[in-house]
Amino acid sequence: MKPKHLFLVLSLTACAGPSYVYKGVQDGIEVSYRWNHPASRPSELLLKLENTTGADKGVSLDLDLYYQGRTVETFRADTCMRVGQTLNGKVNGIYFIPGRLTTEQIKSGDATVELTRMVVSDTTACP
């Protein structure tokens, strides 16, 4: 590969935003998350949900936020997802702002997120 092309590939990779952490799939609904740390504001936990099925689905889930092995917060979300729909963070999705952890605690690596409950149900149609 020419040095010019290598530089372009590395530049594009470096500009890519933080990637989502895959948490699992249930009944065709894929769940991922990532942290966003805006300057001078609290950190945000952004969810990415994707309906990979051929039907509208109701989704209810709980996420537990752990710090140093202890549950400090539980986040709950309920939504309806159309066929093929992706809900992505703050753009058109679901996000949470922790009230008990600082950005420094989250960035330390001692905070973890676990998908503790997820119920996917058939629905006739989403609004």
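Contact, a word used at several stops, means heavy atoms within 4.5 Å. This is a predicted model, in which local features need pLDDT of at least 70 and side-chain atom pairs count only at pLDDT 80 or more, while totals for chains, interfaces and linings use all residues. Residues are numbered from 1 along each chain as its sequence is written, and side-chain values use heavy atoms, with hydrogens and water left out.

Along the sequence their order is α-β-β-β-β-β-β-α-β-α-β.

Next select Phe96, which, apart from its neighbours within four places in sequence, is in contact with Ser43, Glu44, Leu45, Leu47, Leu63, Phe75, Arg76 and Ala77. Phe96 also belongs to the largest nonpolar core, which has 25 residues, and together with Leu45, Leu61, Leu63 and Leu65 it touches the most other members. Such a core is a set of buried Ala, Val, Leu, Ile, Met, Phe, Trp, Tyr and Cys residues joined through side-chain atoms within 4.5 Å, where buried means under 20% relative accessible area, exposed over 50% and partly exposed in between (1.4 Å probe, protein chains only). Strand β4 gives the largest share of this core, five residues.

Now select β4 (57-67) and β5 (70-81), which run antiparallel and are joined by 11 bridges; two strands pair if DSSP finds at least two bridges between them. Ser60 stands opposite Asp78 in β5, and in the hairpin, with two residues between the strands, Gln68 takes a positive phi near 50°.

Which side chain meets Asp62 in a salt bridge of 3.3 Å, N to O? Select Arg76 to see the partner; a salt bridge is a side-chain nitrogen of Lys or Arg within 4 Å of a carboxyl oxygen of Asp or Glu. Asp62 lies in β4 and Arg76 in β5, so the pair ties together parts that are 14 residues apart in sequence. Asp62 is buried, with a relative accessible area of 7%, whereas Arg76 is exposed, at 58%.

Finally, select Arg41, Glu44 and Lys90, which are linked in a network of salt bridges.

Key: Helix = DSSP H or I, 4+ residues; strand = E, 2+ residues; numbered from the N terminus.
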